[in-house]
Structure formats: C-alpha cells, structure tokens
Amino acid sequence: MHNQPLKSQRAKWIALSCVALLTMVVAFSGFALMRLRSNVQTAEMNIGELSSNLASGPLDILVIGSDTRAGDNGAYGTAEDAASGARSDVMMLVQVSEDRSNVNVISFPRDLMVDIPKCTDADTGEVYPASEETQINESLERGGPGCTVATISNLTGIAIDHFMLVDFNAVKALSRVVGGVEVCVTEPIDDTYSGLKLPAGTSSVEGEQALAFLRSRHGFGDGSDTARIQAQQSFLASLLRKVQAEGTLTNPAMLLNIAEAITQNVTVDKELTNLGNLVSIGAIFANIDLSKVVFATVPNEPYIYDSNKLQLSADAEAFFTKLQNDESLVEPAPTATASDSETPAPAAPELTYALGVSVTDATGVENRAEELAPKIEETGFTSVTVDSTDAVYTASAIYYPYGYEAEAQAIADLFGITSLTPSDQYVGIAVILGEDLAESDTIAAPTSEIAAGASGQTADQVTCQQSFGY
C-alpha cells in the first residue's frame, strides 16, 4: 500500500521555479522593480569553484525551484519534510541573446548525475568538498543557490550572470493575478500526490491547481521527471502566450500587481535588484516573436549505473556549444530536395500481429475520425477502432508502447503528426486527432526544430500532455 501523500518521501515535489520565468520578465520592468527592491530577499552568488574558461556574452539567469517545506510551505509536507532542508528540484537556465532577439530556456532534470564543485556557505563559512557523479538537485544543500549556479556553469561552459530562487507560493500568487493559465491533457487526471484533478481536454488552472499541475509527476507521460518537465514547458509557453496577447507586460497596473504577488516569494543575487542592469528587458518579452522562445530539456540518457537516474548524452556537447556561441536552439527544419522527392515512401510496417490502434476524435468536427481511420487501415493495421470526445485538442498526437516506434511513425507520416510519445501506459497505439486535422488530411511540416535533437517546444506551439489517472 502507498503511504499517505504528505508522508511520502516521493511527495517532495518541486517548488515551481518555472513561474520565475515570468517573474524575471516582470522584474525587468523599471516600474515593478521598485516593488522588487523592497520585497525581495538576496543571497550570495559566487560561492562555488568555477572553471576558468566559461563563455559569456548573452544574459544568463538560472531559475531555481526550492522544495523547502519550511515556513509558509509547511502545508506541502510533514514536520520531517520541513526539517530536511531544500533541494533544487527545478533548474532552468534562461538565456537572452546579446541582440535580444532569441530566448533559450533549458531545463535540467533533478536526477541528472553531474560533478558538483567545492562550495562555501557564505553565511556559516562551512566548506562543502567537490562531489563527483552526484544528483544535481543536491547542489542547493551545499551552501545555497550559488552552488547550483557554479554546478550548472561548469556543466554548460556558460558564465551565469544571475539567479532567482522561488518557492511554492509564487506560482499560486502569479497564476491568480493573470487570471489562470490554459493547459491541455489527453486523459482525466486524479493525482492524489500533487492534488491535481483535471478533465480530459483544455482547462484553465490557477492557485492550488496551477501548483498541482506543475508539481504532478504521476499524472503525465511515463511518470518520470522528464515527462513532468514537458508539462512545465507547455504551461510556461501558454503563460507567455497569454500575457503577450493580453498586453500584460505593457500594463503598469498589472505589472505592479504581479510584482507584489511574486517578489515576496523569491530570493535573488544582489546585483539582480540593480535598476540599471534590468530596466530595458521587459519590452523584449512583451514583443518578442514567440517562435524564437524555445523551451528545451538538456540532452540526456539513462545513467550507466542506475537506469532510474540520468546522465548527459553525447548530443549535449553540441547543445552546449550553441549556448556558448550565443545561438538560438531553434533550427530551421531540413527542406526536401529534388532527390528526396524521387525517393519512394517507406513501406508500411510488417506487423507480426495485429497491433491495436485507437483513434480518438478531438477535432471538434463530427465524424472526422471515421473519415481518417481508413488511411491507417490501408497502411497495414488490421485492428483500428474509433472513439470521440467532447474535449477539443489543439494539436494531434500519438502515444505508443515501447518497442513500436516504427509502427507509430508510419501512422504519424500519414498525417504529418510530429508529437510521438512512448509510454508504458498503452498496449496499443493511441492516435489523438486535434484541430490541426479538422479540415486537412495532413498537418503542415514544422518550420523549425530544436538543436541536437533535444526535446521541447517553442512558445508559439500549443501542446496537449499525454496523461493518465493516478
């Protein structure tokens, strides 16, 4: 039997630092910074040993989520949790290019195994020796956020300029001020660990439900931290779309409300409160092309000594080189050449048995699934069923059991679906037809992709998270 949610060590969820991305945007307004200076707490940044050859140039800010249960966060755990200290369970490096035309937001999974440098607690003077192949979220315990900064600086080869450390209450306050954030899930979620309860389809979340959405791990994908990161990236993209569409970042009254709601729950390095450093950046987020804002997870693979943990993959080097050279992680998608057009389409998969395919109509158009399902049967699948839902999904997606990538890709190629997710929650292939297939039989090819094959999305992309009840 499971332990009660608040008593479980597995309930040590993230302190949703993803909200700090918008906090940073707000902080970059001169008007809101007057509040920031009076409310915000500060901590030392340079407490860890740094490599001598770090790249600099763009503006790099590390957003850190603390899972502390102390103080006002005591409701999210037991007394034992409150006394156990804080770990950096969410880490996002926000890089604004030197010409201010591109933004990269890079997520680091909390169970990524890395080398943590020697760090010295600025308040107590305690020295924490360097530690090899250690879980990255332990860095916050080694003297504070400055140690997480040093860890990720050395890992990426990037000289990080600032940090922001936020806790649970920041996301609740922000989501209420902006009037909720729209999210999408493929199946109803009832996650007793995070408290997230959502119907299938699109919903608006705020307050406790916004916090639960960003904390939930059991409700998404395969229940892993990387699946949760995908949900966080989708949330942030939706948040940016909303505040930009509604002109929130150019509304002084709204900026003041947001600054007041957030800055009481954030700790930053001392230089981040300097008006001269930050006064002009708010306009970038208010007007930037959302297709140039990319959310990406650092390339990773299972840790060689423990498959439940992660390590950097071989693609990480090229990924970090992009950041070091102040380049966008958004790359143009390869275009078809004349020779490509003469190449015959790949043959349909040779199935050893009739793998089931379920087609769910979430297009909002009556009988759309019945019209498209025969194309799947013509490809060689002999067991295709059709269902419908009252929920409408913006984007189509495919979910499939591990080991059936070729079969899933064959169906994706029929319709131009680019969202394919393996999961142990399925015994057959699940095809969700969204609004992008409501009128056309194929989806237009994407105009861009993320460098080094990293997973993620741009802020203009509307996504729906593969989910399950728990």
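## Aromatic pairs

Phe320 is buried, at a relative accessible area of 5%. The model is predicted, and this value is computed from it. Phe319 is buried too, with a relative accessible area of 0%; for both residues the cut-off for buried is under 20%.

The count of aromatic pairs comes to five. One of them joins Phe319 and Phe320, whose rings lie 6.0 Å apart, centre to centre, with 70° between the planes. Since planes over 60 degrees apart count as edge-to-face, the pair of Phe319 and Phe320 is edge-to-face. Ring pairs also link Phe213, Phe220 and Phe235 into a cluster.

## Helices α6 and α7

Helix α6 covers residues 208-215 and helix α7 covers residues 225-245. Their axes are 8 Å apart, and the two helices pack at an angle of about 135°. This angle makes α6 oblique to α7, because angles over 145 would be needed for roughly antiparallel.

On the α6 side, the contact is made by Ala210, Phe213, Leu214 and Arg215. On the α7 side, the residues are Arg228, Ala231, Gln232 and Phe235. By type, the residues of this contact of α6 with α7 are five nonpolar, one polar and two charged.

## Helices α5 and α6

Helix α5 (residues 168-177) also packs against α6: the axes come within 8 Å and cross at roughly 125°. That makes α5 oblique to α6. The crossing of α5 past α6 is right-handed.

From α5, the residues in contact are Phe168, Val171, Lys172, Ser175 and Arg176. They meet Glu208, Ala210, Leu211, Leu214 and Arg215 of α6. The residues of the contact of α5 with α6 divide into five nonpolar, one polar and four charged.

## Thr267 in strand β14

Thr267 is part of strand β14, which spans residues 266-269. Is Thr267 buried or exposed? Thr267 has a relative accessibility of 15% and therefore counts as buried, the cut-off being under 20%.

Apart from neighbours within four places in sequence, Thr267 is in contact with Val40, Gln41, Thr42 and Ala43, and with Phe163, Met164 and Leu165.

How values were computed. Residues numbered from 1 in each chain as written. Predicted model: local features only at pLDDT ≥ 70, side-chain atom pairs only at ≥ 80, totals over all residues. Heavy atoms only, no water. Phe/Tyr/Trp six-rings, centres within 6.5 Å; stacked < 30°, edge-to-face > 60°. Buried < 20%, exposed > 50% of the residue type's maximum accessible area, 1.4 Å probe, protein only. Axes fitted to C-alpha atoms, helices over the stretch in contact; angles between N-to-C directions. Helix = DSSP H or I, 4+ residues; strand = E, 2+ residues; numbered from the N terminus. Parallel < 35°, antiparallel > 145°, perpendicular 65-115°, else oblique. Contact = heavy atoms within 4.5 Å. Nonpolar A, V, L, I, M, F, W, Y, C, P; charged D, E, K, R; others polar. Left-handed = near helix turned anticlockwise from the far one by under 90°.
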